[in-house]
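Here are my notes for your reading of the model, arranged as numbered points. Please keep the structure open beside them.

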Amino acid sequence: MKELIELIKNRRTIRKYKSEQIGEEELNLILEAGIHAPSAGGGQSTKIVALQNRELSEQLGKINAGVMKRREGVHVSDEQPSIIDDPSIRSGFYGAPTVCVIFGRTAGSYSIADSFCSAENMILEASSIGVSSAIIGRAEMTFDNDFGRNLMKEWDIPEDYTARCFVILGYLDGPYPSVKPRKENRIRIIR
């Protein structure tokens, strides 16, 4: 299983994308990884909507960026700047050609955890097949408006579901980012 730890260690969050759309086969593999994620009690309650409609993704990306609360003194990356680093970035989806929305039950005790497990599976599969990705938060706030609620109805997402996170997908535009050094004192083993 050495390959898995190497995949995990070498995967990077990407925020600079080419305009080229990912292929159908790649998207299907990534979505399949998402629905095979662990879920509390084996509930398999997450739902994933994959958007390859640039206009719609851009609208949602602008809403997503607009709900971002800037934090002073926080810096994410020079190589792959975040909207925290660069206020001129207007979309929380960074121009990625595919945006996946992961929904979970609103009242589900483990809904957020289940959704992020799906997202993690998706970005690892993406990395394994050469597709760049990032997990984006602020999904609840992005859909907490008439526009978002109407989309959920159009997509047949039940009313008792909430958008939990996004996975953006595409091909890297530019050099592959370097690894950030790991902070110390994050692991404790008690025997």
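1. Two strands are taken to pair if DSSP finds at least two bridges between them, and the elements named here are DSSP runs, helices being H or I with at least four residues and strands being E with at least two, numbered from the N terminus. In E4, leucine 169 is the bridge partner of serine 133. E3 and E4 run antiparallel and are joined by 5 bridges.

2. On the source, this is a predicted model, in which local features need pLDDT of at least 70 and side-chain atom pairs count only at pLDDT 80 or more, while totals for chains, interfaces and linings use all residues. Residues are numbered from 1 along each chain as its sequence is written, and side-chain values use heavy atoms, with hydrogens and water left out.

3. The open sheet is formed by 4 strands in the order E1-E2-E4-E3, with antiparallel pairing. Its edge strands, each pairing on one side only, are strand E1 (47-51) and E3. Neighbouring strands are turned against each other by 20 degrees on average, direction ignored; axes are lines fitted to C-alpha atoms, for helices over the stretch in contact, and angles run from 0 to 180 degrees between N-to-C directions.

4. Helix H3 (residues 54-66) packs on this sheet and touches E1, strand E2 (98-105), E3 and E4, contact meaning heavy atoms within 4.5 Å. The direction of helix H3 makes about 115 degrees with that of E1.

5. Helix H1 (2-10), helix H4 (111-128) and strand E3 (132-136) each supply at least two lining residues.

6. A salt bridge (a side-chain nitrogen of Lys or Arg within 4 Å of a carboxyl oxygen of Asp or Glu) joins lysine 9 and glutamate 6 at 3.9 Å, N to O. These two are separated by about one helical turn, because they are 3 residues apart in helix H1. The count by this rule comes to 5 salt bridges.
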